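Look at the sequence and the model below before reading on. The notes after them are arranged by topic.

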Amino acid sequence: MRVPLATDYEPTEHEEFMSPRQLEFFRRRLLDWKADLLREAGTTLNHLTQGNLQQPDLADRASLETDHQIELRTRDRERKLISKIDEALDRIKNGSYGYCEETDEPIALRRLMARPIATLSLEAQERHERLERTHRDD
């Protein structure tokens, strides 16, 4: 069920957590983000197919190849991000969006606004990062 939203709506702490309105807000936000990433990927594809690596000057060719590699790395990171966006959209559908996967506690709205694909509360994320640093130092 889609909930109508005013264009200036933003979730607040004063309403029910992950109410239909909030879920619709985040669903739209995630879909818009995904559409932007896909649009950028299409632009990159056009750019890469139109780029001419047959530059007579070796420095120009090397520079163009480096640019292409950077673009491809960026798109690979964005591909992974699209996968995380899809996972977040699935969580919206199954009702688990907005809740920490480790503690089942609500993830703060401010965190979700900043990172709508977040799966951990700030506290759980900090614990996870501390453990990572500890194991990395071993």
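The briefing covers the overall fold, the nonpolar core, the loops and a charged patch.

This is a predicted model, in which local features need pLDDT of at least 70 and side-chain atom pairs count only at pLDDT 80 or more, while totals for chains, interfaces and linings use all residues. Residues are numbered from 1 along each chain as its sequence is written, and side-chain values use heavy atoms, with hydrogens and water left out.

**Overall fold**

- The protein chain has four helices and zero strands; helices (H or I, at least four residues) and strands (E, at least two) are DSSP runs, numbered from the N terminus.
- Read from the N terminus, the order of elements is α-α-α-α.
- Of the 138 residues in the protein chain, 28% count as buried; buried means under 20% relative accessible area, exposed means over 50%, and partly exposed lies in between (1.4 Å probe, protein chains only).

**Nonpolar core**

- The largest nonpolar core has 23 residues, and Phe26, Leu30, Ile85, Tyr97 and Leu112 touch the most other members.
- Helices α1 (20–50), α2 (58–94) and α3 (109–114) each supply at least two residues of this core.
- The largest share of this core, six residues, comes from α2.
- Such a core is a set of buried Ala, Val, Leu, Ile, Met, Phe, Trp, Tyr and Cys residues joined through side-chain atoms within 4.5 Å.
- In soluble globular proteins, nonpolar side chains tend to be buried together.

**Positive phi angles**

- Met18 is found in the segment before α1 and has a positive phi of about 55 degrees although it is not a glycine.
- Met18 is buried, with a relative accessible area of 9%.
- Asp104 lies in the loop between α2 and α3; its phi is also positive, at about 65 degrees, and Asp104 is not a glycine.
- Asp104 counts as exposed, at 59% relative accessibility.

**Thr103**

- Thr103 lies in the loop between α2 and α3 and is partly exposed, with a relative accessible area of 32%.
- Thr103 and Leu120 are 17 residues apart in sequence, and their C-alpha atoms are 8.2 Å apart in space.

**Charged patch**

- Glu123, Glu126, Glu129 and Glu132 gather in a patch of negative charge on the surface.
- Glu123 is placed in helix α4 (residues 122–137).
- Patches are made of residues with over 30% relative accessible area and no salt bridge, with like charges joined within 9 Å and nonpolar side chains (Val, Leu, Ile, Met, Phe, Trp, Tyr) within 5 Å.
- A salt bridge is a side-chain nitrogen of Lys or Arg within 4 Å of a carboxyl oxygen of Asp or Glu.

Terms used
Accessible areas come from the Shrake-Rupley method with a 1.4 Å probe; for residues, only the protein chains shown count as cover. Lys and Arg count as positive and Asp and Glu as negative; His and the chain ends are not counted. The place of a charge is taken as NZ of Lys, CZ of Arg, CG of Asp or CD of Glu.
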